[in-house]
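Open your viewer, get the selection panel ready, and let us walk through this structure together, one stop at a time.

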Amino acid sequence: MLANYAFIGVFFIGAIIFPLVPLVAAYLLGPKRPTPIKLDTYECGLEAVGDIRVQFKIQYYLYALAFVIFDIEVVFLYPWAAAYGQVGLFALIAMAIFLVILVGGLVYEWKKGALEWV
Amino acid sequence: MNTLITVLFLIFAAIILASAIMTVTVKNIVHAALWLISSFFGVGALYLLMEAEFLGVAQVLIYVGAVSILILFAIMLTRDLEGSQNRQLTPRWWIALIVPAALFSLLIVPTVMTHAWQLPPPPPAGQPPAISGAQQIGAAFMREYLLPFEVAAILLTVAMIGAIVVAFEERERRRRVLTLAEQVRLRQRQQQRQQPAPRPEPAATAVQPSEATGSET
């Protein structure tokens, strides 16, 4: 079983090496003749304006939290589906209650207008 | 095979520990969040090492995929924590050291040492094992742990509603500031209009139709 993950391990190591090679090669092979213009902050050819930090709108947080909650819901759904054959109709009712409670939260969010972008 | 597992465990444990230490010591809070993600990944790898595939995937999906996004958004929402040189240690740091150390040595260590660990029997040969754990977890949710399962739904809903309430308070506050600014701007515009009052100006009357009709009557 564990041997299957050897492929993932090889892939992981490859994924680390792959971006490192051009970076290291560029560092070793490239000529370094810096000028103030070359060292300037580059942003799509435009003059950089303002600070690197911007304060996000709280709206993003609401979306992220809704995402987390329904992500967890899906993670709960998976073992339920895997065990459904063993448990049967009772599982359907139990999951229906679970989903109704969560959909209640979604309805509240929708009614409150939290899903509308302002 | 067993030594390989031990070596892998030590590697992952070292990654987790190093990432966790970096999380609490690094100055830049965004970097701290990234180190935390690295620590989450290590925990997921440990789950895979224990052949708890479902837990490993759930760890990556929820903690690496969702919780870390939430943490990064929370950082982006806060006002400029990054630039300020926050101190990493409070004067009472030793309390923060004693409490988790006591919890660890009094709760976790005795539990791990005294618990009768039952290893699951290996799957019968020729039959491909299902994603390990998911079926047992699902069956356990539907039988012994039905109430915690439903309470989890309530907990998630409460978290969502709480976030909405907090966010809407924030939005209300911002809206009040906006209307105040609009009021100030409106008052300035009215004062500018009143100063050149004797000369009838078409541009000024175009701005406010109600005042234009008032000057005509």
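A residue counts as buried here if 20 or more other C-beta atoms lie within 10 Å of its own. Keep that in mind as you start with chain B of this predicted model: buried residues make up 12% of its 217 residues.

**Stop 1: chain B on its own.** You will find eight helices and zero strands, so to read along the sequence is to follow α-α-α-α-α-α-α-α. Now turn to contacts in chain B between residues at least 6 apart in sequence: 56% of them join residues at least 24 apart.

**Stop 2: where the chains meet.** Bring chain A back into view. The contact takes 39 residues from chain A and 42 residues from chain B. On the chain B side, select α3 (53-77), α5 (134-142) and α6 (146-194), each of which supplies at least two residues of the side that touches chain A. α6(B) gives the most, with 16 residues.

**Stop 3: a helix pair in chain A.** Select residues 58-87 of chain A, helix α2, and then residues 89-111, helix α3. Their axes come within 10 Å and cross at roughly 170 degrees. An angle over 145 degrees counts as roughly antiparallel, which means that α2(A) is roughly antiparallel to α3(A).

Show the side chains where this pair meets. From α2(A), pick A:A66, A:E73, A:F76, A:W80, A:A83, A:Y84 and A:V87. They meet A:F90, A:A91, A:M95, A:F98, A:L102 and A:E109 in α3(A). By class, this contact has 11 nonpolar, no polar and two charged residues.

**Stop 4: the largest nonpolar core.** Which of the 29 residues in the largest nonpolar core touch the most other members? Select A:L62, A:L65, A:I69, A:W80, B:L156, B:M160 and B:A163 to see them. Helices α2 and α3 of chain A, along with α3, α5 and α6 of chain B, each supply at least two residues of this core. Its largest share, 10 residues, comes from α2(A). Next, colour domain 1 (1-78) and domain 2 (133-196) of chain B: both give residues to this core, so the core lies between them.

**Last stop: one residue up close.** Centre the view on A:L65. Leaving aside residues up to four places away in sequence, A:L65 touches B:L70, B:M160 and B:A163.

Definitions and conventions: Residues are numbered from 1 along each chain as its sequence is written. Chains are lettered from A and ligands numbered from 1 in the order in which they are written. This is a predicted model: local features need pLDDT of at least 70, side-chain atom pairs count only at pLDDT 80 or more; totals for chains, interfaces and linings use all residues. Two residues are in contact if their C-beta atoms, placed from the backbone, lie within 7 Å. Helices (H or I, at least four residues) and strands (E, at least two) are DSSP runs, numbered from the N terminus. Axes are lines fitted to C-alpha atoms, for helices over the stretch in contact, and angles run from 0 to 180 degrees between N-to-C directions. Angles under 35 degrees count as roughly parallel, over 145 as roughly antiparallel, 65 to 115 as roughly perpendicular and the rest as oblique. Ala, Val, Leu, Ile, Met, Phe, Trp, Tyr, Cys and Pro count as nonpolar, Asp, Glu, Lys and Arg as charged, and the others, Gly among them, as polar. A nonpolar core is a set of buried Ala, Val, Leu, Ile, Met, Phe, Trp, Tyr and Cys residues joined through C-beta atoms within 7 Å. Domain bounds come from an automatic or database domain assignment.
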